Amino acid sequence: MRALTARPDLEVRVRAGRAGLDRPVRWAHVTELADPVRWLRGGELVLTVGLNVGTTEEEQRAYVARLDAAGCAGVGMAVDTWLDEVPPAMLEEAERLGLPLLSVEGSTPFIAIVEAVADHYAAEQLRLQGRMLTAQDAMVRAALRTGPPGVLAELSEVAEGEALLLDQNGLTSHAVPGGERPWHGVVRSAVVLDGERRRGMAVLADGEATVLLQSLRAGGSSLGWLALRCSSPAATHTRMLANHAASLLTMQLLRARDARRLRHRARSPLLSLLATDGAAAAAAARMLPLPTPPLEVVYLATERPDTLVDQAVDALVEVLGGGPALDRVALCALDDGVLVVLPGGRNRPRLGELLFTELSSRVDGPRSAGACGARGALEVAEAAQRARRTAAAGPGYRHVADTEAWSLLRDSLPEETSREFRRAVLGALREHDARNGTELLDTLRHYLDHNAGVEATARALGVHRNTLRARLRTAERVMGRSLDVPRHRLELWAALALEQDGAPGHRR
């Protein structure tokens with residue numbers, strides 16, 4: 001209203017309600033109805049010659065009050081047309097309510113005021129389109145220069161909000177501003193609850209703020225999510241900019257995915273040589289970057305190994321994340337399956353099982369998977385053969401270690417039974433070590449690992465053989481068992497192995 005009254009080409013004068021001059025004008029509407037409220041939506045500047053504003057002060061006050069209650073921006077009255085002057089009762093009521101009341105004077109027609117409002121919004125739309133084009137261009141340049149972080153920075157600046165990019169696992173890839181924010185939890189909850197079904201853009205509530213959540217997808221696969229938080233309801237142009245940013249980010253993520261696939265395909269011949277060509281294995285091992293041992297060698301049985309290789313590379317991002325561990329994993333397609341070398345360890349579920357679970361639900365996914373541990377690159381070939389035989393045993397994921405004799409015996413023991421057995425065999429030794437600061441348990445473990453050889457055990461522990469013999473005699477005295485009896489050594493080895501592997505069914 002203030003800008004409209006300041007236009008030099010319009011002869012309008014503020015007569016009352018100056019306190020409301022900052023009310024926004026959505027449109028200017030000419031009406032001579034006594035009660036035009038049902039035809040209004042709010043934000044209008046009502047223009048009238050005063051034909052039906054009422055003849056009594058009470059009617060005139062009620063007319064102004066109705067327009068104010070309907071959310072009108074103001075009232076413009078033409079004088080010297082139907083009325084010679086704006087009724088004083090209307091001026092008093094407008095002043096009381098803070099509703100701007102203007103007198104339209106001179107030769108200014110109502111259509112000129114309507115055109116002024118229309119011109120303002122047309123110019124505003126042009127300015128908005130210019131801002132959008134500038135912002136879109138800035139995001140494109142940022143994508144080329146710095147990738148996703150630059151896109152998020154430009155989006156958050158033009159939207160005057162905060163931006164967040166999540167990966168396929170719902171973990172933060174980039175955030176503007178940096179660091180964890182309370183609203184990030186709102187986004188992650190929405191992704192976890194509805195992440196696989198969500199398509200396009202969704203609007204989330206965060207108190208009085210609005211969060212736009214956009215799924216980034218390509219070919220049916222999720223690449224991540226983009227979230228934009230605005231302190232007020234997001235306007236149409238803000239949604240359009242968020243969509244533009246999502247398109248740029250999707251292309252960036254697709255390019256990163258394709259680069260990952262190409263990198264692993266370039267290294268796959270080395271893994272193929274390592275697994276199948278004994279003569280070239282040593283050379284391939286030196287050239288192929290692999291995870292730090294121990295390794296898990298997985299064979300994924302499939303009828304379409306060439307297709308599964310790319311799917312496996314994509315799935316590894318969800319299993320391992322996008323960190324440096326992903327760059328040291330190796331894959332290659334063989335005749336009837338895909339060979340994958342992953343970091344090993346005792347964590348359950350194993351990485352190979354997680355990979356199989358992720359792939360088995362996809363089109364052309366593996367029907368079965370076999371896995372075997374390896375202590376280094378030169379054991380990959382033998383581990384691959386064992387994993388391949390294990391995969392042929394039937395559908396699902398199987399690890400060679402889970403079918404070995406000791407594993408079957410270990411896993412058949414109830415947890416309470418295993419705990420009681422370890423306490424009976426090792427309890428006195430553990431208490432002695434804790435009370436006296438000795439290392440009898442560690443000494444016995446090395447002693448059994450070196451086939452009860454005194455010289456080899458002493459070298460491994462870095463002590464004199466007489467010191468080792470003294471420790472063994474002390475251990476026998478504490479246990480009340482002789483290490484010369486095979487059964488006692490067997491029980492001791494089993495207790496130590498159970499303790500090292502963890503409780504049955506609860507190992508990690």
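How many bridges pair strand 6 with strand 7, and in which sense? Select strand 6 (residues 162–166) and strand 7 to see: they pair in the antiparallel sense over four bridges. Two strands count as paired if DSSP finds at least two bridges between them. Helices (H or I, at least four residues) and strands (E, at least two) are DSSP runs, numbered from the N terminus.

**Before you go on**

This is a predicted model, in which local features need pLDDT of at least 70, side-chain atom pairs count only at pLDDT 80 or more, and totals for chains, interfaces and linings use all residues. Residues are numbered from 1 along each chain as its sequence is written, and side-chain values use heavy atoms, with hydrogens and water left out.

**Stop 1**

Five strands form an open sheet in the order 7-6-10-9-8, with antiparallel pairing. Strand 7 (172–176) and strand 8 (201–206) are the edges; each pairs on one side only. On average, neighbouring strands here are turned by 20 degrees against each other, direction ignored. Axes are lines fitted to C-alpha atoms, for helices over the stretch in contact, and angles run from 0 to 180 degrees between N-to-C directions.

Now pick Ala163. Its bridge partner in strand 7 is Val176. Stay on Val176: the peptide bond from there to Pro177 is cis, with omega near -5 degrees. Pro177 sits in the loop between strand 7 and helix 6 (182–194).

**Stop 2: helices across the sheet**

Helix 7 lies across strand 6, strand 8, strand 9 (209–218) and strand 10, at about 35 degrees to strand 9.

**Stop 3: helix 4 and its partners**

Select helix 4 (residues 110–146) with helix 5 (residues 148–159). They pack at an angle of about 160 degrees, axes 7 Å apart. The two are therefore roughly antiparallel; the cut-offs are under 35 degrees for roughly parallel, over 145 for roughly antiparallel, 65 to 115 for roughly perpendicular, and oblique for the rest. The crossing is right-handed, meaning that the near helix is turned clockwise from the far one by less than a right angle. On the helix 4 side, the contact residues include Ala135, Met139 and Ala143; Pro148, Val151 and Leu155 are among those of helix 5. Contact means heavy atoms within 4.5 Å.

Helix 4 and helix 7 pack at about 15 degrees, with axes 10 Å apart. They are therefore roughly parallel. This crossing is right-handed.

**Stop 4**

Most residues other than glycine have a negative phi, and most peptide bonds are trans. Go to Pro293 and Pro294: a cis peptide bond joins them, with omega about 5 degrees. Pro294 lies in the loop between helix 8 (281–287) and strand 11 (295–301). Next, Asn451 has a positive phi of about 55 degrees although it is not a glycine. Find Asn451 in the loop between helix 15 (440–449) and helix 16 (454–461).

**Stop 5: confidence**

Colour by pLDDT, the predictor's confidence in each residue, from 0 to 100. The chain mean is 87, and 95% of residues reach 70 or more. Finish at residues 503–508, where pLDDT stays under 50. Where pLDDT is low, the predicted coordinates should not be read in detail.
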